[in-house]
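Please look over the model below before reading on. My notes follow as numbered points.

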Amino acid sequence: MYSARISGDEFVFLINTYTKRQESQAMLQQALNTLACPVNVSGIQVQLSASIGVSFYPQLQDSTRATLAPS
């Protein structure tokens, strides 16, 4: 897995170990569940949330940079 920080609150993960969408769904749900666990920061309980967008490559139809890049 590779990662990159896009901006202050945006990250990209390139995961090349999954061959089926169903295999990746469990990992993505685990990531969301982990982020939702409350943590203490200097005595203050903090809870995060996140959203995930996913692109799979290759696809049945030809992909271009425009179809893979977020708008």
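Is Ser42 buried or exposed?

1. Ser42 counts as exposed, because its relative accessibility is 76%. The classes are: buried under 20% relative accessible area, exposed over 50%, partly exposed in between (1.4 Å probe, protein chains only). Ser42 lies in the loop between β3 and β4 (44-46). Ser42 is not a glycine, yet its phi is positive, at about 55 degrees. Most residues other than glycine have a negative phi.

2. Basis of the model. This is a predicted model: local features need pLDDT of at least 70, side-chain atom pairs count only at pLDDT 80 or more, and totals for chains, interfaces and linings use all residues. Residues are numbered from 1 along each chain as its sequence is written, and side-chain values use heavy atoms, with hydrogens and water left out.

3. Layout. The protein has two helices and four strands. Read from the N terminus, the order is β-β-α-β-β-α. Helices (H or I, at least four residues) and strands (E, at least two) are DSSP runs, numbered from the N terminus.

4. Totals. The protein has 71 residues, and 3% of them count as buried. Accessible areas come from the Shrake-Rupley method with a 1.4 Å probe; for residues, only the protein chains shown count as cover. Take contacts between residues at least 6 apart in sequence: 11% of them join residues at least 24 apart. Contact means heavy atoms within 4.5 Å.

5. Strand β3. Val39 sits in this strand, which covers residues 39-41. Val39 is partly exposed, because its relative accessible area is 44%. Setting aside neighbours within four places in sequence, Val39 contacts Ile44, Gln45 and Val46.

6. Surface patch. Phe11, Phe13, Ile15 and Tyr18 make a nonpolar patch of about 390 Å². Patches are made of residues with over 30% relative accessible area and no salt bridge; like charges are joined within 9 Å, nonpolar side chains (Val, Leu, Ile, Met, Phe, Trp, Tyr) within 5 Å. A salt bridge is a side-chain nitrogen of Lys or Arg within 4 Å of a carboxyl oxygen of Asp or Glu.

7. Tyr18 and Ser24. Tyr18 is in the loop between β2 (10-14) and α1 (21-36). Tyr18 is partly exposed, since its relative accessible area is 32%. Ser24 belongs to helix α1. At 7% relative accessibility, Ser24 is buried. Beyond its neighbours within four places in sequence, Ser24 contacts Tyr18 and Phe56.
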